[in-house]
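I begin with the contact between the chains and then take the elements in turn.

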Amino acid sequence: MRKEEIKKEVISLIADTLEIEKENINEKSNLVSDLDVESLDLVGLVVAFEDKYNVEIPDSEIKNLQTVEDIISFIEKNV
Amino acid sequence: MYKLYIEKDVTTKELFYKVINDLGIKDSLIYNEYGKPYFENSNLFFNMSSSGCYTVLAISNKEVGVDIERITMNDSVIDRICTDEEKKIIKNADDFTIMWTKKESYVKWLGIGLSYGLKNVDTLKIKGFKVIKKDDYYISVYEN
């Protein structure tokens, strides 16, 4: 998958899961400090990405997913 | 023994400094590899959490973890975080929120956070959680 395509999908999925506007999300957005993602949201996002991309995101990987870019990179490498 | 501070409409930073000023604690913070803060020299431990309008801080002479969550239900995460036995006892949003906050308080007590894997926290086997209801929120505290 092309990075641009993944980026678009990731931002849409975050927007849908967190019920926020896509326009407020970009690659540099930090999940916690910019998007106010709390732990429960984060686990919800991880499950949503696993379902969409049929990929396993280990618990040990969650701490590395700090920005939208981190999620895009993870999917690029693992899907 | 922990003391729990529950405040409305304050940030975690504001509550933290208010409490340590009130208690006269003058100490620096250090962080473990997962980002959990500790006092550098004091023999006290603390942990914080926020949800919606509430922020909580637990301070103790023992390691402590605290979590607050507004009562909610999130079916999509149950398979990821619950054991088969735990799934059987979740009948409503109250059950889910209590279980979530117990698991979170435990991994925060460990100082590892979500990386530990919430399914590895079997709330039916681990004893000693203190659960408090405040308005439409649940707070769990774990210390040991």
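**Notes on the predicted model**

1. In this predicted model, 11 residues of chain A are in contact with 15 residues of chain B. On the side of chain A that touches chain B, the elements giving two or more residues are helix H2 (39–53) and helix H3 (59–62) of chain A, and the largest share, 6 residues, comes from H2(A). Sorted by class, that side of chain A has 5 nonpolar, 3 polar and 3 charged residues.

2. Helix H1 of chain A, residues 3–18, has 16 residues and reaches 22 Å from its first C-alpha to its last, close to the 22 Å expected at 1.5 Å a residue. Within H1(A), the residues A:Val10, A:Ile11, A:Ile14 and A:Leu18 are buried, and because they cover an arc of only 95° around the axis, they are placed on the same side of H1(A). This spacing can be read against the general rule that an α-helix has 3.6 residues a turn, so residues three or four places apart point the same way.

3. What do the buried residues of H1(A) pack against? Their partners are H2 and helix H4 (68–78) of chain A, while the face of H1(A) turned away from its buried side carries the exposed residues A:Glu5 and A:Asp16. H1(A) is followed by A:Glu19, whose phi is positive, near 55°.

4. Helix H1 of chain B, residues 12–23, has 12 residues and reaches 16 Å from its first C-alpha to its last, close to the 16 Å expected at 1.5 Å a residue. Of the 12 residues of H1(B), the number buried is 0, so H1(B) lies largely in the open. Just after H1(B), B:Gly24 takes a positive phi of about 70°.

5. Chain B also has an open sheet of 3 strands, in the order S6-S8-S7 and with antiparallel pairing. Strand S6 (64–70) and strand S7 (130–134) of chain B stand at the edges, and each has a single partner strand, so one side of each is left without a neighbour in the sheet. From one strand to the next, the twist averages 15°.

6. The pairing can be followed strand by strand. S6(B) and S8(B) pair in the antiparallel sense over 7 bridges, and B:Ile68 stands opposite B:Ile139 in S8(B). S7(B) and strand S8 of chain B, residues 137–143, pair in the antiparallel sense over 5 bridges, with B:Tyr138 in S8(B) as the bridge partner of B:Lys133.

7. Is S6(B) mostly covered or mostly open? S6(B) is mostly covered, since 6 of its 7 residues are buried. Helix H4 of chain B, residues 93–110, lies across S6, S7 and S8 of chain B and runs at about 150° to S6(B).

8. A last point concerns B:Asp84, which is found in helix H3 of chain B, residues 84–89. B:Asp84 counts as exposed because it has 7 C-beta neighbours inside 10 Å, where the cut-off for an exposed residue is 12 or fewer. B:Asp84 and B:Lys119 are 35 residues apart in sequence, and their C-alpha atoms are 9.7 Å apart in space.

Key: Residues numbered from 1 in each chain as written. Chains lettered and ligands numbered in written order. Predicted model: local features only at pLDDT ≥ 70, side-chain atom pairs only at ≥ 80, totals over all residues. Contact = placed C-beta atoms within 7 Å. Helix = DSSP H or I, 4+ residues; strand = E, 2+ residues; numbered from the N terminus. Nonpolar A, V, L, I, M, F, W, Y, C, P; charged D, E, K, R; others polar. Expected span 1.5 Å × (residues − 1). Buried ≥ 20, exposed ≤ 12 C-beta atoms within 10 Å, placed from the backbone. Pairing = 2+ DSSP bridges. Axes fitted to C-alpha atoms, helices over the stretch in contact; angles between N-to-C directions. Arc of directions from axis to C-beta.
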